Amino acid sequence: MPSLHTLVAAAEPAAATEQSVGTPLLWGVTIAAVLGLFALDFVLTRKPHEVSMKEAVGWSSFYIALPLAFGVFIWSQYGGDRGLEYYTGYLVEKSLSVDNLFVFMLLLAAFAVPDELKQRVLLIGVAGALILRGIFIAVGAQLISMFAWTFLLFGVILLITAVKVLKDAMSDEEEAVDIGSLRTVKLLRRFFPVVEDYRGPHLTVKEKGKRALTPLGLVAVAILGTDIVFAVDSVPAVFGITGDAYLVFATNAFALLGLRALYFVLEGLLGALRHLGFGLAAILAFIGVKLVLHWAHGVWPGTPEVPTLASLGVIVGILALVTTTSIIANKRDEANGVDRGDDDPDATRRPELEAERS
């Protein structure tokens, strides 16, 4: 049994041993850059239009090259350890953001969002996710700085999430989204009338002298509701890689900013990643165990910890494995003439939407 002194020491500020690279200047420049990029996205989506593959690939390439280049800056200015933490955290967040696109596809399909309006819905989702994750990061960093057991709490959250994702991946059932069952939609309909047709990019319109929601307003609120679930998953995951709140924010922001363009690149390809759920479950479980071990090391110093380089190797290995097995399985089904219905996003069942149902 650990002594009282050991337990008290473990409860001391955990972040005190890790100096953040986030100076006030770096925080200010980063936040200004994120807001500027978001404003640019808003300008691009101001006039509704259908996104071409060329446009989507171009912007996706930009939003991948930008964080990779920023990682070079972190590595050169603050050392290889911090650079490695940044790249590992970004890889985790990008993987989770790809999984989030499944839910966005379900919602956009369920609400029959016109192609020219999809960008605006995605932008609203990104804005909500940025705000919510900023709040979660601030709260999480404060908890970590005050209580070492926060690592244990985050680890348990990730392990529970991993079990949910694994159950979903193992399920062979196909389930379409029932819009009326979403808690946010039911709540809104109690207080606001809803028009049946889309009215361009407007979230609300004046109908018979009363303010009414459009279907675009409903889907925007539904996506914001799922953003809360995403934040609960992703923020503890990246805190399992680094305790630096600045790096946590930067990896989240860069992963989210490219989500709008990435949606249109992967819209027809996500179904091919049929084993992605298994991979994400393994990654979340691995990081959860890593956090629990980190907490236990503070109580029992003999407890081993997982170094960042090993974490990166495990995460890359898992993603490479599920991608390879997905390709092999798809080719086998194609050779056997099996139709999996990958073009129908409603055939994908996600736990985040189940959490939205009453």
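Author: A residue is called buried here when its relative accessible area is under 20%, exposed when over 50%, and partly exposed in between, using a 1.4 Å probe and protein chains only. This is a predicted model, in which local features need pLDDT of at least 70 and side-chain atom pairs count only at pLDDT 80 or more, while totals for chains, interfaces and linings use all residues. Residues are numbered from 1 along each chain as its sequence is written, and side-chain values use heavy atoms, with hydrogens and water left out.

Reader: Which residues of α3 are buried, then?

Author: In α3 the buried residues are Ala56, Ser60, Tyr63, Pro67, Phe70, Gly71 and Ile74. Helices here are DSSP runs of H or I with at least four residues, strands are runs of E with at least two, and both are numbered from the N terminus.

Reader: How far does α3 reach from its first C-alpha to its last?

Author: Helix α3 covers residues 53-78, which makes 26 residues, and it reaches 37 Å, close to the 38 Å expected at 1.5 Å a residue. That expected span is 1.5 Å times one less than the number of residues in the helix. After α3 comes Gly79, with a positive phi near 100°.

Reader: You listed Gly71 there; what does Gly71 touch?

Author: Setting aside residues up to four places away in sequence, Gly71 touches Tyr86 and Tyr87, where contact means heavy atoms within 4.5 Å. Gly71 counts as buried because its relative accessibility is 0%. Its C-alpha atom is 6.0 Å from that of Gly83, twelve residues apart along the chain.

Reader: Let me zoom out: how many helices and strands does the protein chain have?

Author: The protein chain has 13 helices and two strands. Of its 358 residues, 46% count as buried, and among contacts between residues at least 6 apart in sequence, 82% join residues at least 24 apart. The accessible surface comes to about 16900 Å², with 67% of it belonging to carbon and sulfur atoms; these areas come from the Shrake-Rupley method with a 1.4 Å probe, and for residues only the protein chains shown count as cover.

Reader: And how do the two strands pair, in which sense?

Author: Strand β1 (residues 204-207) and strand β2 (residues 210-213) pair in the antiparallel sense over four bridges, and pairing requires that DSSP finds at least two bridges between the strands. Lys206 stands opposite Arg211 in β2. The hairpin has two residues between the strands, and Lys208 takes a positive phi near 55° in it.

Reader: Switching to the core: which residues in the largest nonpolar core touch the most other members?

Author: The largest nonpolar core has 67 residues, and Phe104, Phe111, Val113, Val219, Tyr263 and Ile287 touch the most other members. A nonpolar core is a set of buried Ala, Val, Leu, Ile, Met, Phe, Trp, Tyr and Cys residues joined through side-chain atoms within 4.5 Å. There is also a second, separate core of eleven residues, which includes Val21, Leu26, Phe70 and Tyr86. In soluble globular proteins, nonpolar side chains tend to be buried together.

Reader: Why is α10 described as largely enclosed by the rest of the structure?

Author: Helix α10 (residues 259-266) is largely enclosed because eight of its eight residues are buried. Among them are Arg260, Tyr263 and Phe264. The C-alpha atoms of Tyr263 and Phe102 are separated by 9.3 Å, although the two are 161 residues apart along the chain. Phe102 is found in helix α4 (residues 80-110) and is itself buried, with a relative accessible area of 10%.

Reader: What about Arg133, buried or exposed?

Author: Arg133 is buried, with a relative accessible area of 3%, and it lies in helix α5 (residues 118-146). Its side chain makes a polar contact with the side chain of Asn252 at 3.0 Å; such a contact is a pair of N or O atoms within 3.5 Å, where within protein one must be able to donate a hydrogen and the other to accept it, and residues adjacent in sequence count only if both atoms are side-chain atoms. Leaving aside neighbours within four places in sequence, the residues in contact with Arg133 include Glu93, Asn100, Phe230 and Leu256.

Reader: Last one: how many residues does α12 have?

Author: Helix α12 (residues 308-335) has 28 residues and reaches 41 Å from its first C-alpha to its last, close to the 40 Å expected. Its buried residues include Leu312, Ile315, Leu319 and Asp333, and α12 is followed by Gly337, whose phi is positive, near 70°.
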